Amino acid sequence: MLQSFKLCNLVLSRSFSGYVSRMRYLTRLKEDDEACREALKSGNFLLYHKLSPLLRKTSSSIYKLASLKTSDLEQILEKVGKDKLFVNESFLLGCTDMGEPQFSLEVGDIDRSALEQECRGMFVDLRKAFFMLPGPESPLAAKGQALLRWHQTNCFCSATGQPTVRNQSGSLRVCHSSGITYYPKMAPVVIVLVSDGSRCLLARQAMFPPGMYSALSGFCDMGESVEEALRREVAEEVGLEVENLQYSGSQHWPFPQSSFMLACHATVNPDKTQVNIDKAELEDARWFTYEEISEALQKPPSDPRRDPPVFWVPPSYAIANQLIQEWANQQQLSRKLHGIK
Ligand SMILES: NC(=O)C1=CN([C@@H]2O[C@H](COP(=O)(O)OP(=O)(O)OC[C@H]3O[C@@H](n4cnc5c(N)ncnc54)[C@H](O)[C@@H]3O)[C@@H](O)[C@H]2O)C=CC1
Ligand SMILES: [Mg+2]
């Protein structure tokens, strides 16, 4: 069986591009428990302590996700008094460009400082880790946490109350009593940057760090399209009617419990820009000029102790930043065309 799996992979990697063979390999690992158990023997592991990922400082003093090989992880587990079979509790995350499988493992029941010492790293709260990690590593750190959290909160069937059982990769859980299969879930959220042609509308919730304003956002209701959710959220939160919706991109966002962010641009009639804020949702919503936005995009997050707080926008790992950046680029282009400095 294993022999034929390896042969099949070899044939695949010769006949398809690297990307296609990696995706086919992952599908196989998701569906075939034995193949996944075999992959665990040559995996790369991201560790999480109570959902905080393990980071390591590199020789050039930047922080990266610590990725441990199977043999190193087994040795560390033995040193901290844990059976090396604990590796099998990992969940499949993906594979590297070299085709090496990646897994996440929750080690929250092992002594944190002993692990940090053995791994030469530190467990960092995910929100803080986002500020420390190089751009491409944040989504992987988020995905690892989201998958662990989903398994931790879906141990029982919501129909029967009986325990659910995971497959080896962690791509699903089954209740053998009801026969229901549960798959990891994300909640769809729309996020929209509203423009009146020369200004853009940003808002802040009371829970945001002082001075930070972001694009309007909201969870999709059951049965809604992205367009419907977006028009409703803007109407609810600031009392405006939007038009000209334009899709920009999407992002998995691990907060509060795995959201799927769908980002769009939209416009309002420049004669109808009076905002009427829903104070239950938002602390403030304001129109910002191009000058204010480009200044905010160039500076790091404000010191939260500054009083009054300085206006700033979400950092580059958040899709809100992408929307704001795109709007600023568009404004810059149109100002150039119209000879405005
Ligand atoms: N990555 C990014 O750039 C950004 C991400 N976000 C994320 O989007 C999420 C939603 O945005 P909000 O404006 O807060 O949404 P919202 O405007 O829909 O308000 C949140 C409220 O919606 C209700 N709700 C409905 N469905 C929910 C669900 N599935 N999960 C949790 N609450 C639900 C709750 O009462 C909650 O208090 C935020 O929690 C935040 O994590 C928001 C802005 C930027
Ligand atoms: Mg909202």
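Q: What does Gln322 count as, going by its relative accessibility?
A: Gln322 counts as partly exposed, because its relative accessibility is 32% and that class runs between 20% and 50%. Keep in mind that this is a predicted model.

Q: Which helix is Gln322 in?
A: Gln322 lies in helix α10.

Q: And what does Gln322 touch, leaving out residues up to four places away in sequence?
A: Ser248 and Gly249.

Q: How far is Gln322 from Ser177?
A: Their C-alpha atoms are 46 Å apart, and 145 residues separate the two along the chain.

Q: Back to α10. Which core does helix α10 give the largest share of?
A: The largest nonpolar core, which has 40 residues. Helix α10, residues 319–337, supplies six of them.

Q: Which residues have the most contacts inside that core?
A: Ile191, Leu193, Leu202, Ile293 and Phe311.

Q: Take Ile191. What is Ile191 in contact with, beyond four places in sequence?
A: Ile191 contacts Ala215, Leu216, Ser217, Met261, Leu262, Ala263 and Cys264, and also Ile319, Ala320 and Leu323.

Q: New topic, the ligand. How many residues surround ligand 1?
A: 19 residues surround ligand 1, and the closest are Ser217, Phe219, Glu237, Trp253 and Ala320.

Q: Which side chain has an N or O atom 3.1 Å from a nitrogen of the ligand?
A: That of Gln251.

Q: What about backbone atoms, where do they approach an oxygen of ligand 1?
A: A polar backbone atom of Phe219 is 3.0 Å from an oxygen atom of ligand 1. A backbone N or O atom of Ile319 is 3.3 Å from an oxygen atom of the ligand.

Q: What percentage of the ligand's area does the protein bury?
A: The protein buries 63% of the 850 Å² that ligand 1 exposes when taken alone.

Q: Why does the length of α8 agree with expectation?
A: Helix α8 has 13 residues, 226–238, and at 1.5 Å a residue these should span 18 Å; the end C-alpha atoms are 18 Å apart, so the two agree.

Q: What comes just after α8?
A: Gly239, with a positive phi of about 70 degrees.

Q: Now Ser90. Where is Ser90?
A: In the loop between α4 (70–79) and β5 (91–95).

Q: Buried or exposed?
A: Ser90 is buried, because its relative accessible area is 0% and the cut-off is under 20%.

Q: What does the Ser90 side chain reach?
A: The backbone oxygen of Val87, at 2.6 Å. Beyond four places in sequence, Ser90 touches Leu40, Phe45, Phe103, Ser104, Leu105, Arg166 and Gln168.

Q: Last, the whole chain. How many helices and strands?
A: Ten helices and 16 strands. The chain has 341 residues, of which 46% count as buried, and its C-alpha trace spans about 70 × 45 × 45 Å along the principal axes.

Methods
Residues are numbered from 1 along each chain as its sequence is written. Chains are lettered from A and ligands numbered from 1 in the order in which they are written. This is a predicted model: local features need pLDDT of at least 70, side-chain atom pairs count only at pLDDT 80 or more; totals for chains, interfaces and linings use all residues. Side-chain values use heavy atoms; hydrogens and water are left out. A nonpolar core is a set of buried Ala, Val, Leu, Ile, Met, Phe, Trp, Tyr and Cys residues joined through side-chain atoms within 4.5 Å. Buried means under 20% relative accessible area, exposed over 50%, partly exposed in between (1.4 Å probe, protein chains only). Helices (H or I, at least four residues) and strands (E, at least two) are DSSP runs, numbered from the N terminus. Contact means heavy atoms within 4.5 Å. A residue is near a molecule or strand if one of its heavy atoms lies within 4 Å of it. A polar contact is a pair of N or O atoms within 3.5 Å; within protein, one must be able to donate a hydrogen and the other to accept it, and residues adjacent in sequence count only if both atoms are side-chain atoms. Accessible areas come from the Shrake-Rupley method with a 1.4 Å probe; for residues, only the protein chains shown count as cover. The expected span of a helix is 1.5 Å times one less than its number of residues.
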